[in-house]
Amino acid sequence: MSQTTPALKLSNIELHYGYVRALDGVDFHVQPGEIVGLLGDNGAGKSTLLKVMSGAHRPTHGTIEVNGQATAFHTPKDAAAVGIQMVYQDLALVEAQDIATNLQLGREPLRGFPFNIIGFVDHKAMQRTSAEQLSRLGVRTAPMNRPVEMLSGGQRQVVAISRAAVRVMESGGVILLDEPTAALGYEQTQLVEELIVKMAQQGIAIVLVTHNLPLCYNLAHRIVVLNRGRKVADIAKTETDMDSVVGWITGAKKAM
Ligand SMILES: Nc1ncnc2c1ncn2[C@@H]1O[C@H](COP(=O)(O)OP(=O)(O)OP(=O)(O)O)[C@@H](O)[C@H]1O
Ligand SMILES: [Mg+2]
């Protein structure tokens, strides 16, 4: 695989919700280790595009390639199977369980014989693995055995994003983030920001949807702007400025 093969590439994507054309001929790609900021006003089609990437919606037209291989997703499981993980705003963590359990959810290690036959989960191993994975990501969060219901919003967001990272870390992959910092304060936003940078450094491709322009400007290598379902800009951050980006978002600036 060459350096230039995108981790994820969408071509000519069109998606209708009844009469609403939410996406109209959108091309999009993200490279391994790249952070792409996906911007646009309310209703521009950002979440819809993420849902196409994550297999939650099937496009009316268009093609999807993962690591250069044409593919079609019927469900989010299909996308997850090839290393694409979406982090939703509502997080989907299991509140009463601890951090380690949440990180390993669905892939819990079993204890050795004879406990494995009756499905005893190896909590020690789980906490060890989780601590290892988080430290590779540079995450220092609450102790692994603390229930998620006792975490703050920001800590939960970090766990949710870390979980997605842990799932794709071994194989490389793509993480889709829809407004990951919308509900967070300054310090918690910093935490999530650091985590996003660390994930990219591990080779994970990241698509970041946000209304927070300074955040996007801090993190993104490339910026893509949607306006009423069409892509109006796709440009390296170093080749543009925030005024232009705002112009594309509002429609004041002509499409590239
Ligand atoms: N389930 C749905 N059924 C019908 N129309 C929808 C549905 N979801 C989104 N839309 C419409 O599709 C368009 C794009 O919506 P989308 O949620 O992708 O926008 P967005 O860019 O994520 O906006 P926001 O910044 O407000 O989250 C909008 O016109 C919206 O009303
Ligand atoms: Mg949205």
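This is a predicted model: local features need pLDDT of at least 70, side-chain atom pairs count only at pLDDT 80 or more; totals for chains, interfaces and linings use all residues.
Strand β1 covers residues 8-17 and strand β2 covers residues 20-30; the two pair in the antiparallel sense over seven bridges. Within this pairing, His-16 of the model stands opposite Arg-21 in β2. The two strands form a hairpin, with two residues between β1 and β2. Gly-18 lies in the turn and has a positive phi of about 60°. Strand β1 is also joined to strand β4, residues 61-66, by five bridges. β1 and β4 run antiparallel, and Lys-9 stands opposite Glu-65 in β4.

The shell around ligand 1 consists of Tyr-17, Val-20, Ala-22, Gly-40, Asn-42, Gly-43, Ala-44, Gly-45, Lys-46, Ser-47 and Thr-48. Two elements, β2 and α1 (46-53), each give two or more residues to this shell. The largest share comes from α1, which supplies three residues. By class, the shell around ligand 1 holds four nonpolar residues, six polar residues and one charged residue.

Two packed helices are described by the distance between their axes and by the angle between those axes. For helix α5 (residues 153-169) and helix α6 (residues 186-201), the axes come within 9 Å and cross at roughly 10°. Angles under 35 degrees count as roughly parallel, and α5 is therefore roughly parallel to α6. The contact of α5 with α6 includes seven nonpolar and five polar residues, and no charged residues. On the α5 side, the residues that meet α6 are Gly-153, Gly-154, Gln-157, Val-158, Ile-161, Ser-162 and Ala-165. Their counterparts in α6 are Gln-188, Leu-191, Val-192, Leu-195 and Met-199.

Asp-78 is found in helix α2, which spans residues 76-81. Asp-78 has 14 C-beta neighbours inside 10 Å. A residue is buried if 20 or more other C-beta atoms lie within that distance and exposed if 12 or fewer do, so Asp-78 counts as partly exposed. When its neighbours within four places in sequence are left aside, Asp-78 is in contact with Gly-55 and Phe-73. Asp-78 and Ala-56 are 22 residues apart in sequence, and their C-alpha to C-alpha separation in space is 9.7 Å.

Key. Residues are numbered from 1 along each chain as its sequence is written. Chains are lettered from A and ligands numbered from 1 in the order in which they are written. Two strands pair if DSSP finds at least two bridges between them. Helices (H or I, at least four residues) and strands (E, at least two) are DSSP runs, numbered from the N terminus. A residue is near a molecule or strand if its C-beta atom, placed from the backbone, lies within 6 Å of it. Ala, Val, Leu, Ile, Met, Phe, Trp, Tyr, Cys and Pro count as nonpolar, Asp, Glu, Lys and Arg as charged, and the others, Gly among them, as polar. Axes are lines fitted to C-alpha atoms, for helices over the stretch in contact, and angles run from 0 to 180 degrees between N-to-C directions. Angles under 35 degrees count as roughly parallel, over 145 as roughly antiparallel, 65 to 115 as roughly perpendicular and the rest as oblique. Two residues are in contact if their C-beta atoms, placed from the backbone, lie within 7 Å.
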